[in-house]
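Have the sequence and the coordinates open as you read.

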Amino acid sequence: MKFLNQLERKFGRYAISDLMKYVLILYGVGTAIGFFAPALYWRYLSLDFSMIARGQIWRLVTFIMQPYSINGQPLNIIFFAIEVYLYLMIGRGLEQAWGRFRFNLYFLSGILFNILAGLMIHFVFQMVYPVGLTYILQSMFLAFAVLYPDIQLLLWFVIPVKIKWLGYLYGIILGYNIISQFLEGTSTGYVLGIAILISVANFLLFFLWSRKSQMISPAHARRRRAMKRAARGMSNSSGEPRHRCAICGRTEQDNPDLQFRFCSKCEGNYEYCNDHLFTHTHVKR
């Protein structure tokens, strides 16, 4: 936790707000590419380390655009839309619970672990990593099921099921896939089992670090956002800002997304925005 706090203080300002929206836009673009030009993804965007070695480094990111398989079936378009909606909800729920920096870090670590798994598959089998977003989304689903166990989903649009039970089922299936690969007793099975395990390592590692994080229900998160909006409304109605950075002079009226804190090491009541809280020179009298 201390390590994560240090990272957040140093790099938190660079975190992307509502990251999942942009990820799913890429996913949608990849699915459209797969529908209109099926070979394009595998030729230019997949996690092919032989091509990465030749300079096509964009593949380290674009592999997450692996298309959803529509196969010309209208029903699959509906399933794709449901999946996008579900994971947009999950991504935003995790961001509300952890904050945007830790969710960004969780997602980025998922990408890095999948790259590591793809690298292993490349060296052992000389194969292109065939998964894309699959295990990253699964690790997000597992984290969401732990944070929000009592949220209900309608299975087949009819049966209400608490998400924790789906999380258990997901975990069992994932564990079975890993164990079955090891039980094959072949080098192929060992490598594939390890690759799957590595692919979801961000859930196993990051969630252990963050298990003591405050867990916020969606209703509580909505109330907290409403209170912030109300506080901004009060400051605007009076005409005077409630917060002002002692370095840059910006207030919440300049940018409603700015956060302000008093510095405990400065002698006096000096308030700073999140861009200058950890970079200013402490005031000594």
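## Salt bridges

There are three salt bridges in this structure, which is a predicted model. In general terms, side chains of opposite charge can pair when their charged atoms come close. Take aspartate 18 and lysine 21 to begin with: their salt bridge has its closest N and O atoms 3.9 Å apart. Aspartate 18 also has a salt bridge with arginine 92, at 2.9 Å from N to O. That pair links distant parts of the chain, with aspartate 18 in the loop between α1 (2-11) and α2, and arginine 92 in helix α6 (residues 74-98), 74 residues apart. Put together, Asp18, Lys21 and Arg92 form a network of salt bridges.

The remaining example is a salt bridge between the side chains of aspartate 150 and lysine 162, 3.6 Å from N to O. Aspartate 150 lies in the loop between α8 (134-147) and β1 (152-155), while lysine 162 is in strand β2 (residues 159-162), so this pair ties together parts that are 12 residues apart in sequence. Lysine 162 counts as partly exposed, with 31% relative accessibility.

## Aromatic pairs

How many aromatic pairs does a search of the whole structure find? The count is 10. One of them joins tyrosine 68 and phenylalanine 80 in a tilted arrangement, 5.4 Å centre to centre with 50 degrees between the planes. Here too the pair links distant parts of the chain: tyrosine 68 is in the loop between α5 (59-62) and α6, phenylalanine 80 is in helix α6, and they are 12 residues apart. Phenylalanine 80 is buried, its relative accessible area being 14%.

Phenylalanine 144 and tyrosine 148 also form a tilted pair, with 4.7 Å between centres and 45 degrees between planes. Both of these residues are buried. Back at tyrosine 68, ring pairs link Tyr27, Tyr68 and Phe80 into a cluster.

Phenylalanine 144 is among the buried residues of α8, a helix that is mostly covered, with 12 of its 14 residues buried. The buried set includes a run from Tyr135 through Ile136, Leu137, Gln138 and Ser139, and Leu147 belongs to it as well. From first C-alpha to last, α8 reaches 20 Å, close to the 20 Å expected at 1.5 Å a residue.

Helix α10 (residues 187-199) can be checked in a similar way. Its 13 residues should span 18 Å at 1.5 Å a residue, and the end C-alpha atoms are 18 Å apart, which agrees. Its buried residues are Gly189, Val191, Gly193, Ala195, Ile196, Ile198 and Ser199. When you look at either helix, keep in mind that an α-helix has 3.6 residues a turn, so residues three or four places apart point the same way.

Is serine 46 buried or exposed? Serine 46 counts as buried, because its relative accessibility is 0%. You'll find serine 46 in the loop between α3 (38-44) and α4 (49-52). Leaving aside residues up to four places away in sequence, serine 46 touches Tyr41, Arg59, Phe63 and Val128.

Isoleucine 25 sits in helix α2 (residues 19-36). With a relative accessible area of 48%, isoleucine 25 is partly exposed.

## The whole chain

Stepping back, the protein has 12 helices and four strands. Of its 285 residues, 38% are buried. The accessible surface comes to about 16,700 Å², and 63% of that belongs to carbon and sulfur atoms.

As for contacts, consider those between residues at least 6 apart in sequence: 60% of them join residues at least 24 apart.

Definitions and conventions. Residues are numbered from 1 along each chain as its sequence is written. This is a predicted model: local features need pLDDT of at least 70, side-chain atom pairs count only at pLDDT 80 or more; totals for chains, interfaces and linings use all residues. Side-chain values use heavy atoms; hydrogens and water are left out. Helices (H or I, at least four residues) and strands (E, at least two) are DSSP runs, numbered from the N terminus. Buried means under 20% relative accessible area, exposed over 50%, partly exposed in between (1.4 Å probe, protein chains only). The expected span of a helix is 1.5 Å times one less than its number of residues. A salt bridge is a side-chain nitrogen of Lys or Arg within 4 Å of a carboxyl oxygen of Asp or Glu. Contact means heavy atoms within 4.5 Å. Rings of Phe, Tyr and Trp (its six-membered ring) pair if their centres lie within 6.5 Å; planes under 30 degrees apart count as stacked, over 60 as edge-to-face and the rest as tilted. Accessible areas come from the Shrake-Rupley method with a 1.4 Å probe; for residues, only the protein chains shown count as cover.
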